Amino acid sequence: MRSQILPAVLLAVTVFLLVYGVDLMNERRRAAEQAPPPPLPTGTDVPQPDPTHSLEVYNPVTFMIERFLVPASETGLEEDFVSPVWITIIPRGRPLATDLTPLDLRERWWEIGNTTTDVYLFAPGTPENVRLILEFVPLVGDQTEARIYVSAGETGLFGTRTVEYSFAGHRFRVLSNRGFPYIRVYPKDGWWVNQQGQTNYNLRVLIDGALPPGGYPYEKQLVDGTVDWEVRVGSIEPGSPSWQTTLIQYDPSPTRAYARFGASTRMPESSPPFRVSDPFMPSFPYLDLSLGSLEIQKKSSERLYKRLRELGAGINLWEKNPSPFYYDMAWQQLQLKGFVGIQTAGSYYYNSYLLPPIISFESPYAFYNFAPDVRTNPDRRQVHLLVRAEYAPLEDSFAHQTHKDRSNLRYAWKTEEEDLWRYNIKMAGSYRYTEEIQIGNISLIGVPPSTYPQWVISKRWPVITFIESVNGTSGSEGIYYYDAQTPQSLPWLDGYQDEVPLYFEVPDLEPGTGLSTTSRSNVSLVVDYRGEYSASYFRKPELYFSPLDQRLHLLHADGGLWYVAGGEKLGDHRILRMHNLRKDAYIDGWTLEYVPAQSPPEGVDIEEWSPRAWPGEIEQALYAFDNYLLYSGAEGTELRQVSDYEPARFTITPPTDAATWNEFRQRLRPFRGRESDPTALREWMDQFDGTTLISSTAPLSTVQATKTGFHFELALPPGFRSYGACQQPGVEPGTYLVFVDDAGGCRFEPAAIPSPQVSVLPATLTRLEPGFIYVRVVNEHSGDLIGVRVVLQPITPGGKESRTLYHTVDLQADDDITVGFQWPPPAIEVEALEAGPWSFIGRAVNRQGLILSSSEPVEIMVTPIPAGNPIDIIRRSLALMTPVLMVLVIGAGTSLMAFAFWQQWSATGPEPALPDAARFDRDGDQNNAN
């Protein structure tokens with residue numbers, strides 16, 4: 001019986017609670033509708049409404065306007081295209097006119113209400129779908145406040161849900177977000193538009209919530225009555241904004257990396273006259289309801305896209321700025337756009353993780369137009385030069401592995417086509433900003449807009465990459481790919497790694513031909529992109545024009561790659577690899593290669609993987625050494641001596657202003673359309689007449705520069721003939737090394753398998769005491785060995801292989817070099833603490849990973865630490881630590897000491913107060929120490 005009573009009781013209690021809960025919720029809702037609006041928060045300098053002004057609500061008027069109407073005959077669609085917006089105007093303090101005609105509502109609807117006391121409800125599609133409410137509230141002192149109400153959906157985007165509201169007791173009340181507005185706008189001098197129809201751009205904007213769209217903590221910045229952001233907008237003259245600043249007021253995630261400060265200004269010398277979209281509501285010209293990006297409509301109907309563009313529907317940055325409060329009806333969300341514009345000519349802005357005056361991240365980002373009529377022509381919105389910094393000063397705790405200042409620059413520019421980016425230079429280093437500049441109400445440490453390009457180009461950078469988009473790239477952000485600074489390059493930039501990052505020489509080969517947004521784009525190239533790199537420490541970015549391929553190259557480039565063609569994901573990938581064999585200022589070798597077929601590692605999705613540009617089968621090759629051109633292809637090999645070849649027609653620096661940009665274009669203009677075919681290297685050589693010294697039907701294999709010239713390996717078939725200085729009568733068929741010197745000499749030597757001699761030299765080592773082990777490498781081969789990796793393999797007394805050390809060298813013929821390795825390496829390892837007989841093996845490995853030679857194991861005794869005091873042992877141990885580990889150890893010790901002090905302080909009470917003089921001395925000592 002009890003077993004039946006208990007479930008019945010539980011069921012009855014559950015039903016009672018549900019009924020009571022629903023009734024309680026309804027009661028609270030009714031009470032909320034009748035309650036006065038919630039008070040605005042205090043303590044944030046928020047203006048307050050005028051309590052003496054009547055806010056009594058009169059009868060509203062609801063009507064529909066056809067935001068965009070395109071007849072079916074113009075679109076090719078079955079029906080007319082209509083984008084309706086239902087508008088409700090709620091008057092307060094007076095009734096609306098009752099004799100309004102449909103024409104009045106459609107053409108002058110904004111004149112019916114006012115922007116001092118009234119409320120406007122906007123419902124895209126249907127009257128019930130109210131997504132945005134605009135309310136005007138009079139303030140004390142004849143000032144006005146505009147409030148924008150929206151609701152956020154589950155994704156955190158504002159405007160995706162219906163805004164709830166009510167009429168109760170002759171009052172209008174917003175219910176969503178407890179009645180708090182998302183945006184509040186305050187105009188200086190109390191007006192939105194002056195009598196001449198010019199917009200007031202002296203504004204203060206308070207935002208209660210996140211800033212969509214863009215990487216902010218939506219889940220923590222909600223509309224809750226707390227001001228999260230303050231925006232200031234300034235104007236030198238009515239109708240044209242000059243600057244804008246955005247500053248966080250409440251930081252919900254102090255340890256997360258996201259923008260907390262933004263500042264933008266219009267550069268007078270690069271800015272066209274300000275132009276903004278025709279106002280949807282001329283009496284409040286900052287708001288627009290439109291169809292978002294025109295590209296969305298373009299995918300469905302080209303004719304519709306064209307007509308919408310003619311009507312001014314949607315966003316097209318190259319025509320006009322969008323309104324700052326932009327409701328995208330296509331995606332049903334409110335977006336906040338920049339008042340002064342963004343990513344068009346004349347824009348200069350900061351987007352910082354840190355608060356001023358020290359700034360970080362996208363600081364600055366500048367867009368220059370160099371047309372002579374840019375100041376007078378409003379259509380000059382295209383950008384000719386883009387300079388974007390990814391800046392991380394030492395104070396930036398959000399940056400990746402920052403223990404010193406970092407500056408990573410993207411410097412892109414166009415030439416003849418105003419909508420296509422052609423060239424990009426990327427630079428990485430540790431230069432710090434030092435100048436104080438002022439943007440509106442904010443002072444910060446940065447670089448003035450007028451000197452920013454010259455500041456970048458005048459510096460000597462540790463690493464530089466140069467990218468050419470062969471067919472041009474559209475977009476607003478320049479050319480991505482092949483960055484100078486990545487997580488892979490940081491150890492090398494910081495000096496912890498001797499080897500240049502591998503992706504410079506063998507980047508990823510991504511599918512597609514356009515701008516990439518994948519995480520691999522910074523270490524990759526796509527089809528018809530050329531990339532070159534210079535890791536010769538501290539050079540200014542300079543370019544030269546090659547007469548062979550009729551293209552620009554990076555002066556002092558170490559090498560590079562042109563992704564010529566890509567087939568299927570695992571199929572044909574063709575690249576033109578560029579070499580600097582002489583390690584001088586110019587590219588001197590081009591090899592057209594087929595990249596070997598590759599498959600993604602096990603467990604990696606093929607869509608998330610790209611093949612790498614590993615050295616592959618060489619189809620054609622061309623080399624240029626002074627007055628010699630050497631070609632090899634399917635038809636054979638030719639060595640030609642020419643008299644009119646120079647590695648550079650001219651050198652030039654990237655443009656920094658209007659004069660240098662015009663000069664740059666003029667220097668390239670005569671060569672447009674004359675660029676060489678990357679798959680026809682023989683045609684490159686045939687541009688130059690000369691004397692043939694060697695002609696063979698066999699292709700050559702290896703080519704190396706020497707101290708006095710160059711040499712190459714060539715298989716000589718029967719009947720081989722040579723000419724001039726290279727004439728070698730009676731040479732037997734076989735494989736030879738052909739040596740050519742700068743003075744004109746030429747000789748043949750039978751080729752031998754390279755086998756450098758490697759040996760580990762004796763050493764004396766002490767446990768925990770850093771020392772050096774030296775490996776000797778002797779090249780007894782008559783040819784040079786380029787890119788040889790000298791490897792040192794330690795083996796513990798227990799027979800276990802320890803950390804492998806390596807260093808890459810170039811071995812000239814008859815070279816005898818010694819490479820030093822620090823051991824133990826600068827990191828704590830258990831093996832490094834072990835005393836006893838260690839064994840060390842040296843090896844020489846070529847670029848393909850083939851072991852050319854290996855030494856015999858050499859036994860070296862690691863002796864224990866001599867007896868000494870504990871401080872000496874600690875000193876020796878710290879010498880093995882990396883900086884990061886040292887910080888952790890010191891931090892742990894400090895924490896233990898602090899804990900012990902706290903325990904003692906808790907037991908004995910606080911320290912007695914010091915006299916003023918004593919306190920001053922202690923503080924002064926502390927300040928001096930800091």
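The model is predicted, so local features need pLDDT of at least 70 and side-chain atom pairs count only at pLDDT 80 or more, while totals for chains, interfaces and linings use all residues. Residues are numbered from 1 along each chain as its sequence is written, and side-chain values use heavy atoms, with hydrogens and water left out.

**Overall make-up**

- The chain has 13 helices and 52 strands; these are DSSP runs numbered from the N terminus, with helices (H or I) of at least four residues and strands (E) of at least two.
- Of its 930 residues, 49% count as buried, where buried means under 20% relative accessible area, exposed over 50% and partly exposed in between (1.4 Å probe, protein chains only).
- Among contacts (heavy atoms within 4.5 Å) between residues at least 6 apart in sequence, 63% join residues at least 24 apart.

**Nonpolar cores**

- A nonpolar core is a set of buried Ala, Val, Leu, Ile, Met, Phe, Trp, Tyr and Cys residues joined through side-chain atoms within 4.5 Å.
- The largest such core holds 65 residues, and Tyr368, Tyr452, Val456, Leu543, Leu548 and Leu552 touch the most other members.
- Beyond its neighbours within four places in sequence, Val456 is in contact with Val387, Leu409, Tyr411, Met427 and Trp461.
- Another core, of 50 residues, lies apart from this one and includes Ile65, Phe158, Tyr182 and Ala210.

**A three-stranded sheet**

- Strands in the order S30-S29-S37 form an open sheet with antiparallel pairing; two strands pair if DSSP finds at least two bridges between them.
- S30 (551–554) and S37 (650–652) are the edge strands, each with a single partner strand, so one side of each has no neighbour in the sheet.
- Neighbouring strands of this sheet are turned by 35° against each other on average, direction ignored.
- S29 (residues 543–546) pairs with S37 over three bridges, and Tyr544 stands opposite Thr651 in S37.
- Helix H9 (residues 658–668) lies across S29, S30 and S37, at about 155° to S37; axes are lines fitted to C-alpha atoms, for helices over the stretch in contact, and angles run from 0 to 180 degrees between N-to-C directions.

**Backbone details**

- The peptide bond from Pro356 to Pro357 is cis, with omega near 15°, and Pro357 is in the loop between S18 (347–352) and S19 (362–368).
- The bond from Ser363 to Pro364 is also cis, with omega near -10°, and Pro364 is in strand S19.
- Asn177, not a glycine, has a positive phi of about 55°; Asn177 is partly exposed, with a relative accessible area of 25%.
- Tyr482 has a positive phi near 55° and is buried, with a relative accessible area of 0%.
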